[in-house]
Amino acid sequence: MLYPINIKLEELEITVVGGGKVAYRKCKNFLHFTKEVRVISTDFIDAFDELKEDIKLIKDSYKEKYIKNSSVVVAATNNRQVNKEIGEHCRKCGKLVNVVDDIELSNFTVPSYIKKGDLLISISTGGKSPSLSSRIKKELDDKYDDSYEEYINLLGEIRQNVIKKYDDMVERKKILNSLVDLTLEELRSEYNKYI
Ligand SMILES: C[C@@]1(CC(=O)O)c2cc3[nH]c(cc4nc(cc5[nH]c(cc(n2)[C@H]1CCC(=O)O)[C@@](C)(CC(=O)O)[C@@H]5CCC(=O)O)C(CC(=O)O)=C4CCC(=O)O)c(CCC(=O)O)c3CC(=O)O
Ligand SMILES: NC(=O)C1=CN([C@@H]2O[C@H](COP(=O)(O)OP(=O)(O)OC[C@H]3O[C@@H](n4cnc5c(N)ncnc54)[C@H](O)[C@@H]3O)[C@@H](O)[C@H]2O)C=CC1
């Protein structure tokens, strides 16, 4: 069973090996959370053109030297043997590695997720059904709409003030717990009470 963590990617070198549909999806996801991704592949699908500002493309077949300084690696070629070699090498070096055709060799996987401002909900099935992860994501996307971005920003601002104003932990917790019962409209109108 894999442990969920939220990780700061900006400080890490990320390399995706492969230039097909799966590699493209992984790159796009990374770029929601960091500024630059390196991609090594013998060929790239055209979709990579739209990412070219934010990715560093290296057109070559995989070589160990390309991932020497990478902390996060995705093995996404269509060659099982190459993916396996990357996975085994990374595991030996203590790198984080996602082998897209071998969950056993991976020490991380990529969940489905929705992101509304700072709200992040991720879904995984332990590799049993990526299609189900994707389905659940669509269901949650309807429930947690774009208004959550503002809602969470308001909650965050109010929380900082409540922490400053109330020293009593019990009272503080009671207020913070009750704020999430309010709708966005209610929160907007109660905002001044706390600021
Ligand atoms: C283990 C994992 C490793 C990893 O890649 O991280 C993995 C592995 C594999 N996926 C395969 C197939 C498909 N993957 C998708 C889609 C997604 N796959 C994603 C994650 C994961 N996929 C990780 C586990 C996640 C979990 O625990 O649920 C998502 C969530 C995130 C992302 O990749 O961005 C993204 C949904 C994005 C979204 O909508 O949000 C679809 C759907 C489609 O394309 O329509 C299909 C075809 C239908 C099907 O198989 O269900 C195959 C078989 C390939 C073959 O047939 O040979 C393997 C290899 C194997 O199973 O060994
Ligand atoms: N984890 C996931 O979400 C999913 C995983 N898969 C698996 O992912 C693999 C890749 O799928 P696609 O992207 O659709 O394949 P694809 O055929 O579109 O792309 C494969 C890419 O790998 C590159 N490549 C091949 N050998 C290479 C090497 N030695 N060095 C560098 N680059 C190399 C090719 O140039 C090509 O760009 C499939 O084998 C499949 O088993 C498939 C669907 C979903």
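A polar contact here is a pair of N or O atoms within 3.5 Å; within protein, one must be able to donate a hydrogen and the other to accept it, and residues adjacent in sequence count only if both atoms are side-chain atoms. The model is predicted: local features need pLDDT of at least 70, side-chain atom pairs count only at pLDDT 80 or more, and totals for chains, interfaces and linings use all residues. Residues are numbered from 1 along each chain as its sequence is written, chains are lettered from A and ligands numbered from 1 in the order in which they are written, and side-chain values use heavy atoms, with hydrogens and water left out.

**Stop 1: ligand 1**

Select ligand 1 and the residues near it, meaning those with a heavy atom within 4 Å. There are 21 of them, and Lys-26, Ser-112, Ser-131, Ser-133 and Ser-134 are the closest. Show the side chain of Lys-26: one of its N or O atoms is 2.6 Å from an oxygen atom of the ligand. For the side chain of Ser-134 the corresponding distance is 2.7 Å, and for that of Asn-29 it is 3.1 Å. The protein buries 62% of the 1100 Å² that ligand 1 exposes when taken alone (Shrake-Rupley accessible area, 1.4 Å probe).

Next, color by secondary structure, where helices are DSSP runs of H or I with at least four residues, numbered from the N terminus. Helix H3 (130-143) gives the largest share of this shell, five residues; H1 and H3 each supply at least two. Now color by domain, with bounds from an automatic or database assignment. Domain 1 (1-110) and domain 2 (111-144) each contribute at least three residues to the shell.

**Stop 2: ligand 2**

Move to ligand 2, which has 20 residues around it; Val-22, Arg-25, Thr-42, Asp-43 and Tyr-62 come nearest. Select the backbone of Asp-43, where a polar atom is 2.8 Å from an oxygen atom of the ligand. A backbone N or O atom of Gly-19 lies 3.1 Å from a ligand oxygen. Then show the side chain of Asn-78, which places a polar atom 3.1 Å from an oxygen atom of ligand 2. On its own this ligand has 870 Å² of accessible area, of which the protein covers 70%.

Finally, select helix H1 (residues 21-31), which gives the most to the shell around ligand 2, with four residues.
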